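Please open the model in your viewer and keep the sequence panel at hand. We will go from stop to stop, and at each one you will hear what to select and what to look for.

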Amino acid sequence: MEITLDKHSANQASIKIKLTEADYQTKVDAKLKDYAKKVNIKGFRPGKAPIGMVKNIYGTSVLVEEINNILGESLNNYLKEQTFRVLGDPLPVENVEEKIDWKNQKDFDFEYKIGFIENFELPIDKSLKATKYSIKVDDQLVEETLANLKSQYGNSTNPETAEAGDHVYGDLSVKEGDFSKTVSLDLSKITKKLAEQFIGKGKDEVVEFTAKDVKKGQWEEAFGLNEEEAASISGGLTFTIKNVNRTEEAEMNQEFFDKIFGPDQVKSEEEFINKVRETLQSSYDREAKVFTEEELKKVLVEKANLDLPEEFLKEWLLKANDGKVSEADVEKEFPIYAQQLIWSLVSNEIAKANEIKAEHQDVIEKTKEMIREQFASSGLGASLENSMDLFVDNYLKGNDGQNYMNMVTSVQNDKVLAYVQDKIDLKEKAINLEEFKELLEK
């Protein structure tokens, strides 16, 4: 057997395998003898058919099977010996096997395409710089949250006339044209000048205004129109009021506290406000952690500077999915796939170089955390914990065991990111919610 490697570029190559009769014939003969002992051929007792007849009937299929086995094993062993890392799976060069004369050929030539990256190292030290973000929950955010909760859990009424902050339900129509739609207008989300035209108005009254009175974005946010509807509106409009909806703020009492946090979790206004602050902080701590880790991944990926064999990977993805995706699908989704692949390579390299492993107990604990988060608002409490082992076992066995492997990867990533943050130059930065939103939009 002769195997040769031809690198076409820094990340793509072809592998040629040449087989001679000596490489496969012994295995083919042994397989045919085994067939002869078992097969039933008309006119002969089981296992008594001449070997020549067995070869004539089954020889080609046995030859193809054994050569494919030899090719698979030889290619796999050869790639394991290389210093580079193969991405995806080797792809047979098209039309090579179609030209083979299996009946008469003795020597065979096969060719495969591969995509790879050279082995790389990624030192984790103080030369790497990143930022660890924390979000400050200030008094303004707490007050806004309290106001939203009191509004959300308040009592709804239908007063005869509208006041500032009400929702006005009715028919919106253009004076010249066919557009007409029943909407619920939030008076708090339009300009003060326009909202004043609705104040004091009630059922069956008509408010007239022009499209210019509505600012950009208010058609969608206040009137609930989609972009296409908003773009089609111009000139004069009428709004015929059908009903006025008003939500009276909930009182800060025990009934309200119990609705938000469950029975007897807080027993005073002060405890309630502190609980809201703690809940907000916990939520934003999680968001800041996720954002910090995603930014850190970008730093590590950029530092690794890996050059993927894009052309090969796109072809491999198309063939590996066997008609389930189109070329257009692959082109559209490839940037996301490439980003995930590079991070996987980086994470695995850091884990290998620093002996970071996802232990089975780590997987169990992370799965428990995930389940607790999913059922956080269910009120199951102790009954959930009593059945936790069953929940964990069912989840990790699901999807033919793929859930377990996904959780192993997740645990490894967590450990890798924790290790990296401990070793690099990590600056802590506290920001408010508005600053955090600005970072997300970049």
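Which residue in β2 is the bridge partner of Glu 2? Select Glu 2 and look across to β2: the partner is Lys 18. Before we go on, keep in mind that this is a predicted model. Its mean pLDDT over the chain is 92, and 98% of the residues reach 70 or more.

**Stop 1: the sheet**

β1 and β2 are joined by 6 bridges in the antiparallel sense, and they make a hairpin with 4 residues between them. Now widen the selection to the whole sheet. It is an open one of 4 strands, ordered β1-β2-β4-β3, with antiparallel pairing. At its edges are β1 (2-7) and β3 (85-92), each of which pairs on one side only. Seen along the sheet, the twist from one strand to the next averages 25°.

Next, colour β2 and β4 and look at how they meet. These two strands run antiparallel and are joined by 8 bridges. Pick Ile 17 and you will find Phe 110 of β4 opposite. Then move to β3 and β4 (residues 108-117), an antiparallel pair with 5 bridges. Here, select Pro 92 and look for Tyr 112 in β4, which stands opposite.

Is β2 largely enclosed or largely open? Of its 8 residues, 6 are buried, so β2 is largely enclosed by the rest of the structure.

**Stop 2: helices on the sheet**

Show helix α2 (residues 51-80) as a cartoon over the sheet. This helix packs on the sheet and touches β1, β2 (12-19), β3 and β4. Its direction makes about 135° with that of β2.

You will see α9 lying across β2, β3 and β4, and running at about 60° to β3.

**Stop 3**

**Stop 4: Phe 334**

Stay in helix α10 and centre the view on Phe 334. Is this residue buried or exposed? Phe 334 has 4% relative accessibility and therefore counts as buried. Leaving aside neighbours within four places in sequence, Phe 334 is in contact with Glu 310, Leu 313, Lys 314 and Leu 317. Now try a distance label from Phe 334 to Gly 115: these residues are 219 apart along the chain, and their C-alpha atoms are separated by 15 Å.

**Stop 5: Asp 186**

Jump to strand β8 (residues 180-186) and select Asp 186. With 9% relative accessibility, under the 20% cut-off, Asp 186 counts as buried. Show its surroundings: setting aside residues up to four places away in sequence, Asp 186 touches Gly 165, Asp 166, His 167 and Ala 222.

**Stop 6: two loop residues**

Most residues other than glycine have a negative phi, and most peptide bonds are trans. With that in mind, go to the loop between α9 and α10 and pick Asp 322. Its phi is positive, about 50°, although Asp 322 is not a glycine. At 65% relative accessibility, Asp 322 counts as exposed.

Then follow the chain to the loop between α10 and α11 (360-374), where Glu 355 lies. Glu 355 also is not a glycine, yet has a positive phi of about 55°. Glu 355 is exposed, with a relative accessible area of 71%.

**Last stop: confidence**

Finally, colour the chain by pLDDT. Which element has the lowest mean pLDDT, and which the highest? Helix α12 (residues 382-386) has the lowest, at 78, and strand β9 (residues 206-210) the highest, at 97. Where pLDDT is low, the predicted coordinates should not be read in detail.

How values were computed:
Residues numbered from 1 in each chain as written. Predicted model: local features only at pLDDT ≥ 70, side-chain atom pairs only at ≥ 80, totals over all residues. Heavy atoms only, no water. Pairing = 2+ DSSP bridges. Axes fitted to C-alpha atoms, helices over the stretch in contact; angles between N-to-C directions. Contact = heavy atoms within 4.5 Å. Buried < 20%, exposed > 50% of the residue type's maximum accessible area, 1.4 Å probe, protein only. pLDDT = per-residue confidence, 0-100.
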